[in-house]
Amino acid sequence: ALSAFAQPESPKRPNVVIILADDLGYGDLGGFYGGEARTPRLNQMAEEGIVFSDFHSNGPTCSPTRAALLTGRYQQRVGIEKPLPTNWDDEGIGSEDNRDEITIGEYLRKVGYTTALYGKWHLGKHSSANPVFHGFDDFRGLTCGCGDYFTKTDRNGYPDWWHNDKREFQEGYATDVITDNAVAFIQTHKDKPFFLYVAYNAIHFPWQTAEDDELETRLEGGDYTSPEPGPHSKLGPHKPDEVPDIVRQMIARLDEGVGRILRALKEAGIDEGTLVVFTSDNGGYLHYNKGVWPKVSSNGPFRGQKGQLYEGGQRVPAIARWPGKIKSGTVTSATAMTFDLLPTILDLADVTPPPADSPHALDGVSILPLLLDNRPPAPRLLYWRTPRQKAVRDGNWKLVTTRSDDAPELFNLQSDPGETSNLAVSHPEKVQTLLSRLHAWERRVDSGL
């Protein structure tokens, strides 16, 4: 018989899986997003969960969005406003400027979660930047921005596939290898709460399908830094306004990987105890290298592409699924952003976030009420900044300008989601108000406030 003083076992905290695609545009997926690629598993995930029509990456390029995802804070506070270089250096998370940042893995490990990252890190290549020093119990993948899918060699010719803080090669097509690692982790850790971050490098260049292993690939010691088309790109000829077949194949393989992960959760009996979120780190390329390349990806009806702060550069697909918790078949037009994922996960794991006056205070907000009860977050202003552009969003109003505030553009996204009509001249007061708010935000993040 149980002791009279025995306490009932506390319920297991939910598992969390974040799946991040690389350079996947708003219009690349099939189903709701209307893309040309075959994506039956992601379409089903959308039917079984909630689909976002107004979800945004924190940056229009890789590293900034990943920094915001892992910290729940504007990437400017982390000191990562542009993609980190591929050569070995001391920039990135854990460097002298931001070694005190707290990642989602560190928050969750403190309350008993096992944490893992499989795939692309791209937050620093120096020794102290390795994921195992930033909250992850296990890491297998690449530290750079774009490794070859077969040889796992970066564009500077360095081998770049790791197990924790040691280089350890894994044979196979990178998308499949990342999926294999994720599935094995789920099978091994199904009995205790876990946080799994699956960061695919698809569909980032070099554009290679799973059948391209016999074609020319990157070799150690080579130089693949040229932005010109070449044999390692595999993009192939296609119509200039059409997403190429090789990219559609890469998306289909990514979709298969997502399906395998969802199936592993079901087979492990933890499907209903797991929140899965799928999104992209930024919009897709349309014309890489000033039009030298033909069209690569699709951003649907939106203007601009990766690297730009028009909607095409940072409005991205996003799907969340949690059987029994998230109502299936939901579509939301609520505005959300990558850095909202960390506070949302802390909320569902019952972890208290840092106070507002803390140096680690979060900028994102929990969207758990949106996921569970269709209650959108309170109105707020959202900000973006790159080395060339900056932008601010206030409801349906969005202002885009340069770093020197030259010729600001003002758009009403409700009536003009494609950002075709600049309303700056007809609404000068709105321009000045948004510029003032943007400047105030810049002062705050640049001074650490």
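Student: How are H5 and H6 oriented to each other in this predicted model?
Tutor: Helices H5 and H6 are roughly parallel to each other, because angles under 35 degrees count as such. The axes of H5 (residues 174-188) and H6 (residues 245-267) cross at roughly 5 degrees and come within 9 Å.

Student: Which residues of H5 and H6 meet there?
Tutor: On the H5 side they include Thr 175, Asp 176 and Ile 186, and on the H6 side Arg 253, Leu 254 and Leu 265 are among them. The residues of this contact divide into seven nonpolar, three polar and four charged.

Student: Turning to the strands, is E10 covered or uncovered on its faces?
Tutor: Strand E10 (residues 318-321) is covered on both faces. Ala 318 and Ala 320 lie on one side, Ile 319 and Arg 321 on the other, and all are buried.

Student: Which strands are joined to E10?
Tutor: Strand E2 (residues 50-52) runs antiparallel to E10 and is joined to it by three bridges. Strand E9 (residues 274-280) is also antiparallel to E10, with four bridges.

Student: Where in the chain are Phe 136 and Tyr 197?
Tutor: Phe 136 is in the loop between strands E4 and E5, while Tyr 197 is in strand E8, 61 residues apart. Phe 136 is buried at 1% relative accessibility, and Tyr 197 is buried with a relative accessible area of 1%.

Technical notes: Residues are numbered from 1 along each chain as its sequence is written. This is a predicted model: local features need pLDDT of at least 70, side-chain atom pairs count only at pLDDT 80 or more; totals for chains, interfaces and linings use all residues. Side-chain values use heavy atoms; hydrogens and water are left out. Buried means under 20% relative accessible area, exposed over 50%, partly exposed in between (1.4 Å probe, protein chains only). Helices (H or I, at least four residues) and strands (E, at least two) are DSSP runs, numbered from the N terminus. Two strands pair if DSSP finds at least two bridges between them. Axes are lines fitted to C-alpha atoms, for helices over the stretch in contact, and angles run from 0 to 180 degrees between N-to-C directions. Angles under 35 degrees count as roughly parallel, over 145 as roughly antiparallel, 65 to 115 as roughly perpendicular and the rest as oblique. Contact means heavy atoms within 4.5 Å. Ala, Val, Leu, Ile, Met, Phe, Trp, Tyr, Cys and Pro count as nonpolar, Asp, Glu, Lys and Arg as charged, and the others, Gly among them, as polar.
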